[in-house]
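I opened my notebook to look at a new protein fold. Come along and check each entry against the picture.

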Amino acid sequence: MNLRAMLAVATLLPLAPVMVHATELAPIAAHDIQLGPVSGILYYTDGPDGYRVVATLGSGEDSRPVRFEAVLAPGQTMILSSPREAGVAPETVEIVRVADQLIVREPALIY
């Protein structure tokens with residue numbers, strides 16, 4: 001690796017946790033989510049009041065899963081986050097309805 005590439009990696013590495021990966025979802029299509037030790041799935045259905053977003057999360061076989069639901073109209077957002085140790089930003093998944101699309105934004109680490 002040359003010096004220029006090493007400097008680029010060294011400059012961008014501290015920013016890695018704030019870089020975001022966005023995925024567009026289709027109705028009923030399951031999307032895996034990871035929030036630190038908590039993982040689960042997310043999907044949505046199109047209903048008369050808006051997009052019904054359902055997230056089911058758990059932290060292992062011995063834990064009881066938790067289900068979250070929200071109905072999103074165009075322009076609305078649902079945020080799922082998991083706290084981390086003091087002084088560190090929480091891990092966050094943001095679900096955004098943009099017109100007739102549902103976009104999932106989540107951290108994307110680059111190595």
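In what sense do β7 and strand β8 pair, and over how many bridges? I looked it up: β7 and strand β8 (residues 101–107) pair in the antiparallel sense over five bridges. Two strands count as paired if DSSP finds at least two bridges between them.

A note on my source: this is a predicted model, where local features need pLDDT of at least 70 and side-chain atom pairs count only at pLDDT 80 or more, while totals for chains, interfaces and linings use all residues. Residues are numbered from 1 along each chain as its sequence is written, and side-chain values use heavy atoms, with hydrogens and water left out.

Entry on the hairpin. I found two residues between the strands β7 and β8, and Ala 99 there takes a positive phi near 55°. Across this pair, Ile 95 stands opposite Val 104 in β8.

Entry on the other neighbour. I saw that β7 (residues 91–98) also pairs with strand β6 (residues 77–82), in the antiparallel sense and over six bridges. Here Ile 79 stands opposite Glu 94 in β7.

Entry on the whole protein. I read the pattern α-β-β-β-β-β-β-β-β along the sequence, with one helix and eight strands. Helices (H or I, at least four residues) and strands (E, at least two) are DSSP runs, numbered from the N terminus.

Entry on burial. I noted that 24% of the 111 residues count as buried, meaning under 20% relative accessible area with a 1.4 Å probe, protein chains only.

Entry on contacts (heavy atoms within 4.5 Å). Among those between residues at least 6 apart in sequence, 34% join residues at least 24 apart.

Notes:
Buried < 20%, exposed > 50% of the residue type's maximum accessible area, 1.4 Å probe, protein only.
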